[in-house]
Amino acid sequence: MDPKKTFLSWPVVRQVRSGDFLGRGPAVTSAHTRELTPRTATADKVVQSVCPYCAVGCGQRVFVKDGRVVQIEGDPDSPVSRGRLCPKGSASEQLVNNPGRQRKALYRRPGGTDWESIELSTAVEMVAQRFVESRRRTWQDHDEHGRPLRRTMGIASLGGATLDNEENYLIKKLFTAAGAIQIENQARI
Amino acid sequence: MQDLSNADCIVIQGSNMAECHPVAYQWVTEARLKGARVIHVDPRFTRTSATADKHIPIRAGSDVVLLGALIKYILDNELYFKEYVVAYTNAATIVSEKFQDTEDLDGLFSGYDDEKGSYSQETWAYASNDGADDETPGTIGGPAAGHEHGHTKSERAAGDEHGSGGPALEHAKVLRDETLQDPNSVFQILKKHYARYTPEMVADTCGIGVDDFEYLARSVTENSGRERTTAFVYAVGWTQHTLGAQFIRTAAIVQLLLGNMGRPGGGIMALRGHASIQGSTDIPTLYNILPGYLAMPVAGLHDTWDDYLGAIGNKEQKGFWANADTYAVSLLKAWWGKAATAENDWCFDYLPRLSGAHGTYQTTMAMLDDQVEGYFLLGQNPAVGSAHGRMQRQAMSHLKWLVVRDFNMIESATFWKDGPEIASGELKTEDIGTEVFFLPAAAHTEKSGSFTQTQRMLQWHHQAVEPPGDCQSELQFFYELGRRVRELLADSTDERDRPLLDLTWDYPTDEHGEPDAEAVLAEVNGRHLTGDKAGEPLSSYTEMKADGSTDGGCWIYTGVYADGVNHAAARKPGREQDLTALDWGWAWPANRRILYNRASADPEGNPWSERKRYVWWDAEAGKWTGHDVPDFVPDKAPSYRPEPGTGGPAGLAGDDPFVMQADGKGWLFAPKGMLDGPLPTHYEPQESPVSNPLYAQQSNPARKVFPRKDNLWSPSGDAPGADVYPYVFTTYRLTEHHTAGGMSRWLPYLSELQPEFFCEVSPELAAERGLENGGWATIVSARAAIEARVMVTERMTPLVVRGRTIHQIGLPYHWGVGSNAIVSGDAANDLLGVALDPNVQIQESKAGSCDIVPGRRPAGDELLRLVAEYQSRAGSTVMTSNELRTGHPESTPDTRGG
């Protein structure tokens, strides 16, 4: 018998002594558990954020250690959410860190059967070239009545409802200046 | 959101709030703990129903009948809030004698144009006291605009422009009868319009018993008035219909009659599903509007700057839209800076023009016609999330190039390799000529910026870490793309490139090339450009000028960066503030949390009751005050009356609370703005097993249909073949997943919690079709066949409609076919076709017709044969359910399209 174990360490007695009558709290912790420290306690910094899923706008606290997100929790300061997060919001650390997340640019050539790797800056330059070429090829100056159109119907876009306002602003500004009008997002859906 | 806890009754309809917006639901729970009654109206029994006082199952798509009956109940029993209705709504306003109701024309309003399939709205106008009806050219809509036909308005989804206010009515020379007795008064028209929306009609249309209706009607009316308020809550269960905007209008009429608008615990709460879906409407990545709900110019309507100004708002009109010129000039100055001058109409000619509907579905069809070369997908997965997934994937296979910016390899990025059409043999990878760029995106923790949540509140999220690998924010990607495009065109002398080369496109960046999001926010907010304050941020949109001395990218957001402070980042803890919490985030406009809150006080400016005190007139101080930022000119006394003919905000009286409306009134009857009728009227969904019990007109005659071979429909009502697709399906979301799954099906926790696509069916339907709980079922619509695990549950209630049992099937739509996600499955949205609401061009996804049989679906060619065999058995042709006018002796089937 473990010499450290006494009558007082009997489970039932522990439960009564600690007030943990259901045996779900301190009465049932092991030494291992007692030695654990939450990731939130050892974080280098805590950054206030907003849940990226639905439009309730729950407050999040992002815990960062060594330049990496280690945990995301509800922000008790938020008057909207008061510290709560739903299953999606609670899982958002995995949104950021999940191993399946694609971290590299990829390219599929016409008729290609698989992805190829590509340098990001090469990809962005290729997109810029295609943007300019498609715009040129599909440009419409006037309609059949001679009224100005000054647009391209050859470039379209879908997305924005998961993005920041500032991002949507640059997208709308750039596309409109380029004459690309078929810009849409989930708000239409 | 928090304000829901002030409600005495909450009706949740078209939303499963407890599961889809669970954290917001705490405020409903809070209200209930304080004694509020909560009622959930929904085809399915969900956790919202389980925690409500009552669940009322409804047949999908029949909500206007239920709410219309509520209107009738309120009117018949004189339960409306009389002082509020007379003073604050247009109940007393007289409508033109030319107006004819759907009761007169068997389901059509006056002004229907058979050829265009839409309405001319002239006959819906208010009568005018100078002898002429106000459709006299020049008296509505500005000097040059005149009356724009519903057809072009629909094409440009003009309904979206009312995201921040009602349409223009220049004159307010309206006739009013405050006794509400004039037969042409809005009040009497309303009575007549809903006369047949009886509890029995509710039973016969919605499948809701008379007792349940009575419970709802009593709950809502007993909890409204001076002392009490009722709130409505909805989500896409209301919007995704061919008359979705009218569903919400019906609720607005109920709330105006009961005096619940602009008051604490009242209103209509829209629960939106994406972090910044409100923001992406305000600063729109949408085809038809510019930031702040300014119209995109349309060829033929807005060819010149004067045409445009006349159309967006003129100085004689009342309310804040009279200053639309200042908003438009400030926007053009923000975009084209010094190049924008008075001489060149502020570069108005740099804006591209619309010439029809260019929404996402029209664009998809243009792809199929090889008119679109390049496509950007920015955090969106149309192969799974848009209606008619098959059409979406086929369309993308026609592109020359596709850029997918996402966290994960979503189905829209890999359709050329592992999509359902590859499996069925319809497409071959080698034959798909689309060049695909997958560019990984930065997460919210890896960039700074603001989201606008569902109640118009901007909240800043701060960057916590650097994005990994090649991951980039959209801010950086688009800044960089713009920079490179401008470089490629730098030597161009072509006039068409001036808008790009003259664009203000210079933002400070950090050492990683990330633009400073706060600098963009400052541009959105706007600045003084000249005078003593040159360079200083504007503090309110009322400071905007039309002379080029201010800029500002989105007038409704002006103030978010007042005094150079990022108010979206305001973070005073909620527990240190009152419930309104004005020092947390910033809500547009002007940090106002409840719109039209002047209506929370009586015409004299006193709170309607102590219990519902919110904003009131402080006579001593000579200003409005209260718990919120008053939605009124701060020092305009309740007794203020404008001189006749006064335009702009000063044209509204001290007791006209609806300051964004051209007459300052809440509109029970909409003389302008709604394209499919001034009053909501029940029509059946595009495909429905039920005939419209109210009118010979089956479906919304102004809806947008696309008669094409790849977009067939089930016959409806009593038409032959309707029994081939005898069941109603409705799509929905689960707590553990997010729309098309791009942000949830790649996460281990969430995938484990909801691993597999399933369908919910009642025990009765399971018995009828031999479906087994946990087994497989194949669901067939006129577009596609998919398979799902079966969940037999009493949560689905068979409804009896005119003696016939209607079964509804629930389908969560989060899964898609691909090989990269942790969990995958057939996509429910493949079952959907494309038919749209005419006001906003949103598709009907909440009600469709299908069959369900036990077992897995076949694969390959056999799958296509199964779908074709059903189509043939039903006799579906391209015109099936696509006729806009039905049942009228003089109507001839529309034979366009094919």
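In what order do the five strands of the open sheet in chain B run, and is the pairing parallel or antiparallel? The order is 3-2-1-6-7, and the pairing is parallel. The model is predicted.

Strand 3 (54-56) and strand 7 (268-270) of chain B form the edges, and each pairs on one side only. On average, neighbouring strands of this sheet are turned by 20° against each other, direction ignored. Strand 1 (residues 9-13) and strand 6 (residues 230-234) of chain B pair in the parallel sense, over four bridges. Within that pairing, Val11(B) has Phe232(B) of strand 6 as its bridge partner. Helix 9 (residues 210-222) of chain B lies across strand 1, strand 2 (37-41), strand 3 and strand 6 of chain B. Its direction is at about 135° to strand 2 of chain B.

Strand 13 of chain B is joined to strand 14 (residues 457-461) of chain B by four bridges. Gly449(B) has His461(B), in strand 14 of chain B, as its bridge partner. Here the other chain comes in.

## A hairpin in chain B

Strand 18 (residues 615-618) and strand 19 (residues 623-626) of chain B run antiparallel and are joined by four bridges. Asp618(B) stands opposite Lys623(B) of strand 19. Four residues lie between the strands of this hairpin, and Gly622(B) takes a positive phi near 70°.

## Domains

Chain A is divided into domain 1 (1-36), domain 2 (39-97) and domain 3 (111-188). The C-alpha centres of domain 1 and domain 2 of chain A lie 32 Å apart.

Chain B is divided into domain 1 (1-94 + 174-273 + 593-672) and domain 2 (704-874). Their C-alpha centres lie 34 Å apart. In contact are 26 residues of domain 1 of chain B and 30 residues of domain 2 of chain B. The two domains bury about 2200 Å² between them, 54% of it on carbon and sulfur atoms. Arg44(B), Gln240(B) and Thr242(B) supply 28% of the area that domain 1 of chain B buries against domain 2 of chain B, more than any other three residues.

Which residues meet in a salt bridge at 3.0 Å, N to O? They are Glu760(B) and Arg44(B), through their side chains. The count between domain 1 and domain 2 of chain B is one salt bridge. Polar contacts there come to 13 residue pairs. On the domain 1 side, helix 1 (17-20), helix 8 (199-206), helix 10 (236-239) and helix 11 (244-257) of chain B are the elements that give two or more residues. Helix 8 of chain B gives the most, with four residues.

## Chain A against chain B

The interface between the chains involves 116 residues of chain A and 162 residues of chain B. About 12400 Å² is buried between chain A and chain B, 61% of it on carbon and sulfur atoms. In chain A, Arg150(A), Tyr169(A) and Arg188(A) lose the most area to chain B, together 7% of what that side buries. The chains share 12 salt bridges and 85 residue pairs in polar contact. Helix 6 (residues 120-137) of chain A gives the most to the side of chain A that touches chain B, with 16 residues.

## Salt bridges

Over all chains the count comes to 59 salt bridges.

| Glu760(B) | Arg44(B) | 3.0 Å |

Methods: Residues numbered from 1 in each chain as written. Chains lettered and ligands numbered in written order. Predicted model: local features only at pLDDT ≥ 70, side-chain atom pairs only at ≥ 80, totals over all residues. Heavy atoms only, no water. Pairing = 2+ DSSP bridges. Domains from an automatic or database assignment. Contact = heavy atoms within 4.5 Å. Buried area = accessible area lost by both parts, 1.4 Å probe. Salt bridge = Lys/Arg side-chain N within 4 Å of Asp/Glu carboxyl O. Polar contact = N/O pair within 3.5 Å; in protein donor to acceptor, adjacent residues only side chain to side chain. Axes fitted to C-alpha atoms, helices over the stretch in contact; angles between N-to-C directions.
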